[in-house]
Amino acid sequence: MPKEEKQVAKDFEKEIRSKFGYSPSLNSVAEALEYVFARNIELVCLDEFPNVLAVNKALPFELQKLWDENKDRKEVLLVVSGSYVGMMKKLFAAKKAPLFNRATNTIKLGQLQFETVVEMLADLGIRDSREQVAHYLVFGGVPYYYLLLEKHGLKSLSRSINALF
């Protein structure tokens, strides 16, 4: 269930306060972004951007307006990421999209290679090659699952599956 926009704005407020010691009261994502541009904050990362659209469908239009007003005056690096590739393309690559031609760089991240996963598993104490292959067959190259394995100290595949799924 997506958060309400006011809660997302409060999350922005909390993050801004943790970095700068102060944040005004923010009631919307647009207000938070306006504050970022007004303050000339150099780096802003909006992770899982399509999820924010669930709380405010107008956000791409609001972001378009802010970006167009500030792109030449401010040194802001705005990183927008999302795991829904189709949605990200729709937002930034479709000719009629409000954010079309606003992205200066795009990176499509793929899954981790098998060799990388084997190294990570070895670092986590999973050194048996059959266990490593089994983990890769279940979790693939998705980094998040290996982060969870590390966080929970899981070493056997059956425990990993039970804990994570």
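Start in helix H1 and select Glu15 and Lys19: these two sit 4 residues apart in that helix, so about one helical turn separates them. Show their side chains and you'll find a salt bridge, with the closest N and O atoms 3.2 Å apart. Keep in mind as you click around that this is a predicted model. Now turn on a surface. Lys19 counts as exposed, at 58% relative accessibility, whereas Glu15 is partly exposed, with a relative accessible area of 44%.

**Next stop: Glu13 and Arg17**

Stay in helix H1, which covers residues 5-20. Arg17 and Glu13 are 4 residues apart here, so this pair is also separated by about one helical turn. Their side chains meet in a salt bridge, 3.4 Å from N to O. Which of the two is buried? Glu13 is, with a relative accessible area of 9%; Arg17 counts as partly exposed at 37%.

**On to helix H4**

Select residues 59-70, which make up helix H4. Pick out Lys65 and Glu69 and draw the distance from N to O: it is 3.1 Å, and the two side chains meet in a salt bridge. Being 4 residues apart in the helix, they are separated by about one helical turn. Lys65 is exposed, with a relative accessible area of 54%, while Glu69 is partly exposed at 41%.

How many salt bridges does the structure hold? The count is 6. As a general point, side chains of opposite charge can pair when their charged atoms come close.

**A charge over a ring**

Select Arg39 and Phe20 together. The charged end of Arg39 sits over the ring of Phe20, 5.1 Å from the ring centre.

**Ring pairs**

Time to colour the aromatics. There are 6 aromatic pairs to look for. Begin with Phe49 and Phe92, a tilted pair with 6.5 Å from centre to centre and 50° between the planes. Phe49 belongs to helix H3 (residues 49-53) and Phe92 to helix H5 (residues 85-92), so this pair ties together parts that are 43 residues apart in sequence. Buried or exposed? Phe49 counts as buried, at 0% relative accessibility, and Phe92 is buried with a relative accessible area of 18%. The cut-off for buried is under 20%, so Phe92 falls within it.

Then jump to Phe139 and Tyr146. This pair is edge-to-face, with ring centres 6.1 Å apart and 80° between the planes. Phe139 is buried, with a relative accessible area of 2%, and Tyr146 counts as buried at 1%.

**Last stop: Val133**

Find helix H7, residues 129-139, and select Val133 within it. With a relative accessible area of 36%, Val133 is partly exposed. Now select Asn105 as well and zoom out. How far apart are Val133 and Asn105 in space? From C-alpha to C-alpha, the distance is 35 Å, and they are 28 residues apart in sequence.

Terms used: Residues are numbered from 1 along each chain as its sequence is written. This is a predicted model: local features need pLDDT of at least 70, side-chain atom pairs count only at pLDDT 80 or more; totals for chains, interfaces and linings use all residues. Side-chain values use heavy atoms; hydrogens and water are left out. Rings of Phe, Tyr and Trp (its six-membered ring) pair if their centres lie within 6.5 Å; planes under 30 degrees apart count as stacked, over 60 as edge-to-face and the rest as tilted. Buried means under 20% relative accessible area, exposed over 50%, partly exposed in between (1.4 Å probe, protein chains only). A charge sits over a ring if NZ of Lys or CZ of Arg is within 6 Å of the ring centre and within 35 degrees of the ring normal. A salt bridge is a side-chain nitrogen of Lys or Arg within 4 Å of a carboxyl oxygen of Asp or Glu.
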